[in-house]
Amino acid sequence: MFVDELPHMPKLKGYLFEEGKLKPAELRIGMFQKKWKFHRDLPPATVFAYGASKGTATVPGPTIESIQGIDTLVRWENHLPAQHFLPWDRTLKTAHPKLGGIPSVVHLHGGIHEPESDGHSLAWFTAGFKETGPAWKKARYHYNNIQHPGNLWYHDHALGLTRVNLLAGLIGAYVIRNPKVEKPLGLPSGPEYDRNLIVFDRSFATDGSIYMNSTGNNPSIHPQWQQPEYFGNAIIVNGKAWPYMKVKRRKYRFRIVNASNARFYRFALSNGLSMTFVGSDSAYLPAPVTVKKFLLGPSEIADIVVDFNYSATEEASLTNDAPYPYPSGDPVDNLNGKVMKFLIETTMGAVSSGENRSSTRIPEKLIEYRRPRKKNAAQTRYVAMYEYESASGEPTHLFINGLPFDAQVTETPRQGTSEIWHVINLTEDNHPLHIHLGLFIVLEQTELLKMEEFKSCMQKNNDALKCEIQKHAKGKVMAAPAQERGWKNVFKMKPGHMTTILVQFSLLNSQHRYPFNASAEPGYVYHCHILDHEDNEMMRPLKIRS
């Protein structure tokens with residue numbers, strides 16, 4: 001543990017600078033099978049990796065850096081072999097290529113762009129585009145980068161294969177920058193002091209290979225869909241298990257992506273240092289929020305600053321104490337309770353280095369965006385989350401609004417409007433709900449009273465109003481944590497609660513149509529971002545009206 005140094009992931013510029021002007025760039029990024037060494041003492045493992053070539057491909061993939069307002073074009077290429085090295089459960093509703101090969105498609109998580117470039121689950125393609133899914137439109141994706149500056153990440157999104165393709169390594173960071181807006185903030189910058197941390201969990205066999213249980217909990221129904229969540233006992237950061245990072249006594253910015261299939265993390269620093277949020281998911285906060293610990297669900301992003309100048313120790317571990325599955329699962333142990341270690345320069349070293357510690361700061365104000373008014377919402381929707389079990393009490397599948405993924409679309413918001421969504425979690429798990437294209441603000445979470453009575457009615461009628469939701473949503477009311485009261489694209493839906501969000505289908509600070517055809521096919525989706533749930537139908541289509 002803590003024997004490998006935290007790697008810098010390679011960077012690809014999503015723009016060109018020619019003749020003194022910024023211009024769009026076109027990238028070619030492939031998916032390759034190769035070997036990757038996760039730990040000094042483990043043999044190399046077979047992985048799927050993103051990169052400009054097989055030799056340069058990494059896990060996670062290269063960080064794509066773009067500039068707000070400058071287009072980035074990416075040709076995603078599938079160079080994967082004919083057979084998957086992880087269990088692929090074909091009893092799920094999954095991509096079924098008739099000619100063989102491994103389906104893949106890339107979703108830019110948090111991106112605001114045309115449907116044809118969103119990485120729809122049915123827009124998959126196999127190696128060399130030999131075969132494509134029914135929603136596939138084109139090989140070259142167009143990312144406008146017109147949205148606000150902030151943090152995104154890209155990952156596979158193939159129907160029924162998302163969990164195994166991400167487990168194999170198909171993940172990477174994407175940053176949209178606006179130097180004119182961000183530089184005056186004075187936050188830590190540069191490759192040494194502004195770091196992307198992509199965190200995920202994996203288990204390994206003694207031969208170093210990624211381990212995934214190949215036997216499902218309901219093998220007569222789903223032979224390989226197990227648990228129904230994947231949890232690894234090793235915590236990986238930037239492709240290394242429990243790495244260390246040498247830091248100076250100064251401020252650092254960390255853009256932390258939870259790229260785990262199902263694991264929640266409750267992060268803290270072992271020496272008690274505070275962490276200051278400057279952003280959450282893809283957007284800056286209006287003002288910094290300082291915490292001692294915080295919860296990060298699958299696919300959420302925490303944009304934080306840590307000032308190691310205040311450390312009383314020369315070491316600090318980033319720790320995790322979130323039960324798994326969250327919130328009522330097993331406690332962490334000595335392996336999955338540790339994430340990485342910071343080795344902090346000595347006080348003498350700091351004095352002798354002459355570091356200018358006033359060169360970066362945390363400003364009192366960051367970036368404030370217009371907040372839509374609740375009374376102006378065009379529509380109110382109720383979105384219910386269900387989990388179904390076999391006679392033995394083991395989960396079989398999960399639905400949103402009691403409907404499978406391929407049922408007729410029911411969510412059809414009009415672009416340029418906002419909507420109120422009351423998300424009702426009838427399960428025992430916390431589900432991180434991700435909405436493609438849309439951004440939202442969490443208004444409140446309300447405890448549901450007489451839960452079993454309400455749940456029984458919902459399972460029978462699937463109608464929150466008919467089941468008198470107003471009678472049951474009368475328990476304790478909670479606001480979102482202070483660091484998550486800005487704009488989000490994913491949030492943790494608490495079990496036994498109704499979470500009310502205000503969803504906006506336009507750019508921030510705008511109530512106008514998108515500058516692309518958001519109503520084009522194949523549309524978008526929204527889903528639980530526990531990948532094992534998403535792959536077993538906890539996902540629904542989302543069609544935008546003009």
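## Exercises on pockets, cores and strands

The lining of the second largest pocket holds six nonpolar, seven polar and six charged residues. Ala, Val, Leu, Ile, Met, Phe, Trp, Tyr, Cys and Pro count as nonpolar; Asp, Glu, Lys and Arg count as charged; the others, Gly among them, count as polar.

The model is predicted: local features need pLDDT of at least 70 and side-chain atom pairs pLDDT 80 or more, while totals for chains, interfaces and linings use all residues. Residues are numbered from 1 along each chain as its sequence is written, and side-chain values use heavy atoms, with hydrogens and water left out.

**Exercise 1. Locate the second largest pocket and give its volume.**

Start with the term. A pocket is an open set of points on a 1 Å grid over the protein atoms alone where a 1.4 Å probe fits, with protein on both sides within 12 Å along at least five of seven lines; lining residues have an atom within 4 Å of a point. Grid points are joined across faces, edges and corners, and the volume is the space filled by probe spheres set on them.

- Step 1: the volume is about 280 Å³.
- Step 2: 19 residues line this pocket, and E387, E389, P395, E428 and D429 lie nearest its centre.
- Step 3: β24 (379-389) and α4 (451-461) each give at least two lining residues. Helices (H or I, at least four residues) and strands (E, at least two) are DSSP runs, numbered from the N terminus.

**Exercise 2. Which residues touch the most other members of the largest nonpolar core?**

A nonpolar core joins buried Ala, Val, Leu, Ile, Met, Phe, Trp, Tyr and Cys residues through side-chain atoms within 4.5 Å. Buried means under 20% relative accessible area, exposed over 50%, partly exposed in between (1.4 Å probe, protein chains only).

- Step 1: the core has 142 residues, and the answer is F38, W76, F254, I256, F294 and W421.
- Step 2: look around F254. Beyond four places in sequence, its contacts (heavy atoms within 4.5 Å) include L197, M245, I304 and F342.

**Exercise 3. Find the partners of strand β18 (residues 275-280).**

Two strands pair if DSSP finds at least two bridges between them.

- Step 1: six of the six residues of β18 are buried.
- Step 2: β18 runs antiparallel to β19 (residues 283-291), with five bridges. T276 stands opposite T290.
- Step 3: the two strands form a hairpin with two residues between them, and D281 in the turn has a positive phi of about 55°.
- Step 4: β21 (residues 301-307) is also an antiparallel partner, over four bridges. S280 faces A302 there.

**Exercise 4. Inspect the backbone at P60, P327 and K450.**

Most residues other than glycine have a negative phi, and most peptide bonds are trans.

- Step 1: the bond from V59 to P60 is cis, with omega near -5°. P60 sits in the loop between β4 (45-51) and β5.
- Step 2: the bond from Y326 to P327 is cis too, with omega near 15°.
- Step 3: K450 has a positive phi of about 50° and is not a glycine. K450 counts as exposed because its relative accessibility is 59%.
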